Amino acid sequence: MASGTKSKGASGSRGKGSSAKGKSVRAARSASVVAKKPKPWGTIIAVIGVLLLAGGVFTYAFMQINEKTKWVVSDDNRDPSQNIPGVERKEYAQGQHVTAEQRVAYDQSPPFGGPHDGVWADCTGVVYPTAVRNENMVHALEHGTVWIAYNPEQIKDAALDKLKTKVEGQQYMMLSPYPGLDRPISLQSWGHRLKLDSADDTRIDDFIKSLRGNQYQNPEPGGRCDAADPTAFNVSSPPPFVPEPPGADAVKMDGTGAQTAPSGAPVPSGAVPPSEPAPAPAPASSGAAAPPSQ
């Protein structure tokens with residue numbers, strides 16, 4: 001009996017040991033299988049790629065929208081040219097007129113504001129082959145025009161052709177040589193100027209988009225651009241640029257010697273936006289003089 005009892009105990013003990021050992025082996029094998037199972041790197045990489053692509057598309061779209069809207073003139077963006085490096089700005093009084101015989105002692109060269117002739121230069125996308133009198137050109141700026149001046153010794157051939165394409169036929173644009181200009185190119189709008197070295201500079205287009213016809217930066221946006229009185233300003237033979245400095249009798253920048261425009265230089269009703277051609281002027285009645293400003 002004693003021997004049988006011992007045998008039973010030993011057998012039971014071995015049974016329990018075998019069972020525990022089997023469980024341990026199975027657990028080890030299961031853990032080994034789990035450990036050997038590869039991670040889904042392909043799926044992970046694909047998901048990361050999709051997220052990066054979506055982020056890139058969103059960023060690109062945001063940048064494109066921002067690039068377009070930052071040049072749009074609005075009540076919240078009155079001077080988009082603030083985004084353009086190198087633009088000079090000055091405040092000038094409006095509506096100060098001089099006669100065809102008077103000169104203005106401008107504080108800038110080329111000038112971009114101040115007293116000016118009562119007759120404006122034609123700014124219907126005219127490419128002037130010769131330099132034009134400052135006093136007439138400045139009046140056109142008051143109406144919302146962008147004037148591109150260039151040094152004829154430095155800008156020629158392909159560079160000049162590139163500038164012409166930005167001006168020809170475009171309302172509130174004009175191009176002319178400017179002898180003695182200290183840089184190859186100078187862009188002017190009322191109270192703003194940008195001097196550049198190359199016709200390929202992208203800031204040219206940015207300047208035009210920001211300031212041409214800008215109702216917040218120009219005293220008379222939408223004013224007439226056609227020659228209201230061809231006898232006073234002949235587009236084919238405009239008043240010539242005078243390179244000599246003005247004399248002591250020149251009108252000062254504070255307006256001393258100038259006359260205030262009698263109309264107060266209001267914006268004309270039915271003003272033409274820059275994107276549309278200006279209507280032909282109505283025939284003047286016999287003996288009627290063209291208004292000095294609109």
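Reply: Strand β7 (residues 185–189) pairs with β8 in the antiparallel sense, over 5 bridges. Two strands count as paired if DSSP finds at least two bridges between them. Strands are DSSP runs of E, at least two residues long, and helices are runs of H or I, at least four residues long; both are numbered from the N terminus. This is a predicted model: local features need pLDDT of at least 70, side-chain atom pairs count only at pLDDT 80 or more, and totals for chains, interfaces and linings use all residues. Residues are numbered from 1 along each chain as its sequence is written, and side-chain values use heavy atoms, without hydrogens and water.

Start with the pairing. Ile185 stands opposite Leu196 in β8. The hairpin of β7 and β8 has 2 residues between the strands. There, Gly191 takes a positive phi near 75 degrees.

β8 has another partner. Strand β1 (residues 88–89) runs antiparallel to β8, joined by 2 bridges. Glu88 has Arg193 in β8 as its bridge partner.

Now the covering. Buried means under 20% relative accessible area, exposed over 50%, and partly exposed in between, with a 1.4 Å probe and protein chains only. In a regular strand the side chains alternate between the two faces of the sheet. Both faces of β8 are covered. His192, Leu194 and Leu196 are buried on one side. Arg193 and Lys195 are buried on the other.
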